[in-house]
Amino acid sequence: MDAQERTAKSDPQDELAARLRLLQELSGLGVRALARDTGLSSSSLSRYLNGQTVPPWPTVVALCRLVERDPRPLRPLWERTSNPLPAPPKSSRQVRPRPRNDLPRDVPDFTGREERLAAVFAAIESHRAVSVDGMAGVGKSCLAVHAAHRLAADFPDAQLYVDLHGFTEGRPPLDPDSALRMLLGALDVPSERIPQEGVEQLAACWRSELARRRVVVVLDNAADADQVRPLLPGAGDSVALITSRNRLLGLDEVPPVSLDVLSPQESAELLARASGDPGGPEGRLARDPESAAEVLRLCGHLPLALRLAAARLRHRPGWTVGILVERMAEGASEFDTALAMSVRQLNRSQAHLFRMLGLLPGESFDEYVAAALADVPLRSARATLEDLLDAHLVQQPTPSRYTLHDLVHQHARRSAAEQDAAAERERALGRVLDYYVHAAAAADAAMPFLSPGRVVSAGRPPAELPCFMDKNAAFAWLATEYGNLMAAFETAAAVGADVHVCELPRFLRAYFARRCGTTHLNVLFERSLAAAERLGDPQQLAEAHSDLGFARYNAGRMAEAAAAYEAAGLRVSQTGDARAEAELAMRRGYLSWDAGDVEEPLELFRLAARLYEKAGCPTEAAHAAASEAWAMLQLGHREEAAQRAREVLGIPHTDPAWPPALTALITLGVAIAHERPDEAAEHLHRALALSRDDGHLHNQAWCLNCLGVALRQMGRYEEALASHREAFALLDELFEEHWKIHFLNGYGETCRLAGLPEEALRLHRQALELAPKLGNRYAEALAHEGIAIVLDETDPAGAAEHRTAGQAVLGQLKHGA
């Protein structure tokens, strides 16, 4: 194989190898054991897993069967790897993203720890993982982050950080499921490739992604070995640095490095550096060595306490070290000695915000939520946070984001309980929950992928919200705040804020569709429905049932979706909310379409368009009209479909990624492919560009398949086949078998006309097998007809049998059976 051929094959071959490595992870076996159980040689298996050689198809089948997985989704990818067609050109706008770096800022005054740092690097070199343990405030996180920054150049693909909250007061440790989803999201793994459920599957996916990258991961503040074990890298070069207050005895494969307090010499050096002491005989510490030694003793040689004490000296140039000792002497413990002295220096507003920060349910935070928490203007919150940062009471891991050390958070929370009335604390927490719901709604409105424009009824809007210039900014905010939003949801559930529990998940649907999958969204909407039942509000109940149906539908749970929509329909008509009725009609239309009905969806989309117009929702009305045009096309009404699609595209709008345009462009492109092939290709390529800019792989697959259908109608069979194959490669990547039912028969017809009858027969038979499982009778009828056409020349009797069966299915559909 020459270099050019190798380059042409690299993408699908690497992708196939990644899939095989995922199968290995699921098996839990090493290469030798896996080779033994599948009857392969270990050297051959290694080449397959590394992407050096394409395995025979029986080998792929054997690996799949070993872990009880269906090998058929891998067949198109294997075929492209073995006999690739030229791939369509990549969009010129596709730019390789910059590597992710989530590491907190490395402290500029890192001091000492040479021996422990060397032990960390030695463990990384030998085992690719290390666990740093020690008491609170001893500098475990500081050491791990410092080491990660030192390692970053050798691990250029990403530098990741996640706080596992093993010992954070007021919130449970982060569960492995959520941690894995956060880490996979940080690697920009598409949600469609992330398993929907099961920690084992998520962990296998995580290890598979790390196996082809060089990544350094900091897993901070672990509670125990069980929390960490699923997050560890597997095969490959990536490394993990773990911190915990406990020795993680269950991680036998991870060397421990225990951290003690600083030595007297290291403590003195850190105090001098952090306080800005010039050193020498003129320095304050040198002028009063006894008081300096007492500061070290009162701080217990803990780095965090030393930095807090040093901050007082740095910002009080008139103080002697003796004055610092006097102020510190009132503390109750090594840490409280330094912390209480720092807190006492705060003015009233600073101290109030500091105490309130202990109530925050999330991890990192910004000035917007701080302003809402303290009920102060944004400018005041920003200035106070800067003061707290100078006092070392808050940390700033990245620009505009703040955190509290666990011990500081605990002190602030305890101080609030002692000094602030329960009613005041309750109001402050309520403002935080209000903020997150309203901020999520603002982000959702900037990402009009679904149905924006919902009115927030939970709480009161905060004085100021982040400004989202476009959907990318909104998505980035949601990605950053995801952990906080989930913590806010849990807090709302715990304190009985049922309206917040009902509404928060509604503004996260677009984000979940692109990053977190549908399983978690189903759980959130189940709890939202329970909250709506407690409220007894008809509007909330109607929307909760509808939202749960939407989540069920996206998870492929069609019967449950139908039941939820039925329950929503019984209630939504009582509310008089035209927008909610319209949204339910749209959702029922999609469900009916997937069930194989071709006439009911048209009526439902028309109803939705009228209701959206009545509710004053022009964008949603246009989207319903575009869906109406698509349904017309499926019924064979090409001219009417094209006319309706052109009407939608003629509606004035200013958004270059206007949501209704995608469906209208696809419909128009397919509808006019016979008469106006050049115009049709232009519309379909524009739709594909929109879906790629959006990053939605389902829509890309839809566009590519429809492009294949249009190219087939133009007689451009090779291009059509390439487009279909790219669409199916995306669906394999998504692990979305049920989506294929919409594309299999069209792909089969293209293969037949391109002179590939056996491939056409295989695809139609696959559709015939899949359609009854999904309840899609229309696709079942089309599959029978497709098989009949292929068999007409070789097996007339078989063709007649399938044609009769297909007509019977159509007859049943027509009579509502």
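Tyr435 is buried, and Tyr436 is buried too. Buried means under 20% relative accessible area, exposed over 50% and partly exposed in between, with a 1.4 Å probe and protein chains only. This is a predicted model: local features need pLDDT of at least 70, side-chain atom pairs count only at pLDDT 80 or more, and totals for chains, interfaces and linings use all residues. Residues are numbered from 1 along each chain as its sequence is written, and side-chain values use heavy atoms, with hydrogens and water left out.

**Aromatic rings**

The structure holds six aromatic pairs. One of them joins Tyr435 and Tyr436, edge-to-face, at 5.3 Å centre to centre and 65° between the planes. Rings of Phe, Tyr and Trp (its six-membered ring) pair if their centres lie within 6.5 Å; planes under 30 degrees apart count as stacked, over 60 as edge-to-face and the rest as tilted.

Two arginines sit over rings of Phe. The rule is NZ of Lys or CZ of Arg within 6 Å of the ring centre and within 35 degrees of the ring normal.

| Charge | Ring | Distance to ring centre |
|---|---|---|
| Arg214 | Phe155 | 4.8 Å |
| Arg509 | Phe550 | 5.2 Å |

**Helix packing**

Helices (H or I, at least four residues) are DSSP runs, numbered from the N terminus. Axes are lines fitted to C-alpha atoms over the stretch in contact, and angles run from 0 to 180 degrees between N-to-C directions.

Helix H2 (residues 31-38) packs on helix H4 (residues 57-66) at about 105°, with the axes 10 Å apart. That makes H2 roughly perpendicular to H4; the range for this term is 65 to 115 degrees. Leu34, Asp37 and Thr38 of H2 make the contact with Ala62, Leu63 and Leu66 of H4. Contact means heavy atoms within 4.5 Å. By class, four residues here are nonpolar, one is polar and one is charged. Ala, Val, Leu, Ile, Met, Phe, Trp, Tyr, Cys and Pro count as nonpolar, Asp, Glu, Lys and Arg as charged, and the others, Gly among them, as polar.

Helix H17 (residues 348-357) and helix H20 (residues 406-419) cross at roughly 110°, and their axes come within 7 Å. H17 is therefore roughly perpendicular to H20. Residues of H17 in the contact include Phe354 and Arg355; those of H20 include His409 and His411. The contact holds six nonpolar, four polar and one charged residues.

**His784**

His784 lies in helix H38 (residues 777-791). His784 is buried, at a relative accessible area of 10%. Beyond its neighbours within four places in sequence, His784 contacts Leu768, His802, Ala805 and Gly806. The C-alpha atoms of His784 and Ala767 are 9.1 Å apart, across 17 residues of chain.

Note on methods:
Helices (H or I, at least four residues) and strands (E, at least two) are DSSP runs, numbered from the N terminus. Angles under 35 degrees count as roughly parallel, over 145 as roughly antiparallel, 65 to 115 as roughly perpendicular and the rest as oblique.
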